[in-house]
Amino acid sequence: MDVFKSFRSPSGGETRVLDDIDLDIRRGEFFSLLGPSGCGKTTLLRILAGFEQPDAGQVIIGGQDMTGVPPHRRSVNTVFQSYALFPHLSVQDNVAFGLKMKGVPATQARHRVLQALDRVRIADFAARRPDQLSGGQRQRVALARAIVNEPQVLLLDEPLSALDLKLRKELQVELANLQESLGITFVFVTHDQEEALVMSDRMAVMNRGRVEQLGRAEDLYERPRTAFVANFLGSSNLIEGTVLGVDGIGATVQTVHGPLRTTHGHGLRTGQNVTLSVRPEKLRMERDDETEGNEIRATVDDIVYTGAENQYLLRAGGQQLVVFQLNADIGADEDFDYEEQVALYLPPDNLVVLEEA
Amino acid sequence: MLTVRRFLATLGPGTLWLGVFLIVPALVMLGYSFLTRTDLAQVGGPWTVENWERVFGYDALFQEWTADNLRVLWRSVWVAGLSTALCVLMGYPLAFYIARQGARRKNLLLILLIIPFWTNFLIRVYAWILILRPFDLVPSLTATLLGMVYAFVPFFVLPVYSSVEKIDWRLLEAAQDLGAPPLRAFMTAVFPQTLPGLIAGVLLTFIPALGTFVVSDILGGAKTALVGNLIQNQFGQAGDWPYGSALSFLLMGAVLLGLWAYARTAGHKGLEELV
C-alpha cells in the first residue's frame, strides 16, 4: 500500500490528511495504527475498506490491486467504532447478513453464524435485538458479524473505546487470542498506546498524516526514532546535547547534566546536536553522595503514588525528569522523600538517540 | 374529596381540549344525524334513522337501493390513494435531497417548501386552473389528482425529511462493508430508518386527501364529486345538516377502518410511534 490522500478544506485550500503512506502489512499479523485524533489513521482504515479513495497511490490486498473497487466487492470487513448493528434485525440476522449477501446456502450459513457467535461467546443472545444488549455484548456481535465472513483482512476502528476500562482490558486479550486462532490479518486503529502495545505484532505510529515509525511493539517502545513516538508511546525524558565524540561502542554527548554516554550513537558526527530519550522506568535513583559515570545529581520535587509504582518528579540542571520506581516492598528504604538529594543513574544502553525533527 | 380533586387535576388541559374540540362536536354531529332537517336549513325533531338509510343508499321505505354514495366513497378512496402514492414517489427522494444539502441550502429549500402556505389555499388551487386550461384538463379527475398532489406533497415531505435527518448513515457503510450492493444496502440500512416518517407522511397525506372538497370542487367538476363534496354540499347548498352529519360519519368510518387495518399489520407500537 502506498497512498496519498488530501481533503479540500472549506476555505478552498487543501489539507493533506495522509501523506506518503507506504505500509506493507503482512498476512496473518495483528497490525495497529496508533496515533492521536486527527492523525489520519481512521482515513487510512476507510481507504482500506473502500469507503474513501486515495487521491494518488495504490491499495493492494492479497496481491490484487483494490484501488477504486467499491466496499462491497472487497474481501475486507470492518468492526465499526459505533458497532453499526442493524437495529431492526436480531443478533443472528445481523451476523448472517454478510453470508446472505454472498449467497451462502441457508443451512450452511446458520451453522457458520452459530460458530461465529460461539467464538465471541455470545451464542446465548442470538435471538435478541441490538437494543437489548450491553455495550460489550454489542461489541461481540459486531465482531462476530465481521469474522463470520472470513475476510482476508479485518479492520477494527477503535472498537473498544466506548467500553469501560475493565471490560476493555478483558477484550484486548480476547481479541489478540481470537486473531491468533483465526489467522486473519487484523488492522486495528487506536489512540490508546497501551492497547496497541498489548495486542499488536507490529504497529505504525502516525502523526499528521504520516507514519512516524513502523515496527514491532518492543522496538518502538525501546528504540523510538522521534520525540513524538517517544512521548506518544509511553512517556520519556528528553535531554538535548551536543556530540563530544563517537567511538566503536557508542557516543559521548555533552548535556546540561554533563557528559553522558550512550551505546546508540552509530552514525553520529562530532559536534552534532542531538536529543537523547530515556524511559522513566529505566532510570535508577540512589542515595549516594558521589556521582560516577552517567550519574547526575537531582532533587525530589514531587512524588505521585499510583499503587503499583511511585512516580518521582526530579529537578536537575534546570530540567524536570520523571522516574518510575516499582513499589515492590512496603516501607522499603528505596522510598525517597520530598527535597531529598539523589544520584540518578542513566544507563547508557537505555539512552536512545532521536532523529532530528 | 381530595381524590376527586386530584382526579380532575390530572385530567388537565389535554383532556379539556379533546373534550371541547373533538368529543363534544362529534356528539353534536351524532345527534344531528338522527334528527330531521327543517326549513331554513335548521335542525329539529322528530328523531329518525332516515339519514342513515340514505347514507347507505336506501330510500325511506327500503324499496330502492342505489350505490351512488358507495361509488363516491370508493372513488374518493382510490383518488386519495393514488395522490398519496404520487406524493410518495415525488416526496421521498425530495426529502433525501433536502436533508443531504449543506445547512444554508437546506434551510433555503425548506423555506421554499413552506412558502406556498403563505398564499391562500383557494387562490393557489385557482391558479391551477390557469396552468391546466391550455391542456384542456379542467374540469377533470386528472386535474383534481394533480391539485391534490400539489396540495399535500409538503405534508409528506416534512415528516420524511425529519426521519432522514436522523438516519445513522454508518449503517449504510456497514451494509456495504458486508457485501451489499448499493440498492440492497439502502433497503437494509436506510429504508427501515425512514419508516416512521414514511408512515406519518402517508397518513398526513391520505387522510386529508380522503376528505378534501376544495380541490375537487374547483378542478374536478360535478361528475367527479368526492365524498368531501357530498358532505360540503349538505352543509352548504342543500342545507341538509342531518344528512351531512350522517355522511361525515361514513367518511370517519372509512378513515378509522384504514387506521385499524394499519394498526393490525404494524402491531400496537405502530400508531404510538406516529403521534
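This is a predicted model: local features need pLDDT of at least 70, side-chain atom pairs count only at pLDDT 80 or more; totals for chains, interfaces and linings use all residues.
Helix α6(B) and helix α8(B) have axes that come within 8 Å and cross at roughly 160 degrees. Angles over 145 degrees count as roughly antiparallel, and α6(B) and α8(B) are therefore roughly antiparallel to each other. The crossing in which α6(B) passes α8(B) is right-handed. On the side of α6(B), the residues that meet α8(B) include Met148(B), Phe152(B), Phe155(B) and Phe156(B). Among their counterparts in α8(B) are Leu198(B), Ala200(B), Gly201(B) and Leu204(B). By class, this contact between α6(B) and α8(B) has 13 nonpolar residues, seven polar residues and no charged residues.

A further helix, α10(B), is mostly covered, with seven of its nine residues buried. The buried residues of α10(B) include Val227(B), Leu230(B) and Ile231(B), as well as Asn229(B) and Gln232(B).

| Helix | Residues |
|---|---|
| α6(B) | residues 141–165 |
| α7(B) | residues 170–177 |
| α8(B) | residues 182–211 |
| α10(B) | residues 227–235 |

The last topic is the contact between the chains. Here 13 residues of chain B are in contact with 16 residues of chain A. Helices α7(B) and α8(B) each supply at least two residues of the side of chain B that touches chain A. With six residues, α7(B) gives the most to this side. The residues on the side of chain B that touches chain A divide into seven nonpolar, three polar and three charged.

Note on methods. Residues are numbered from 1 along each chain as its sequence is written. Chains are lettered from A and ligands numbered from 1 in the order in which they are written. A residue is buried if 20 or more other C-beta atoms lie within 10 Å of its own, exposed if 12 or fewer, and partly exposed in between; C-beta atoms are placed from the backbone. Helices (H or I, at least four residues) and strands (E, at least two) are DSSP runs, numbered from the N terminus. Axes are lines fitted to C-alpha atoms, for helices over the stretch in contact, and angles run from 0 to 180 degrees between N-to-C directions. Angles under 35 degrees count as roughly parallel, over 145 as roughly antiparallel, 65 to 115 as roughly perpendicular and the rest as oblique. A crossing is left-handed if the near helix is turned anticlockwise from the far one by less than a right angle, and right-handed if clockwise. Two residues are in contact if their C-beta atoms, placed from the backbone, lie within 7 Å. Ala, Val, Leu, Ile, Met, Phe, Trp, Tyr, Cys and Pro count as nonpolar, Asp, Glu, Lys and Arg as charged, and the others, Gly among them, as polar.
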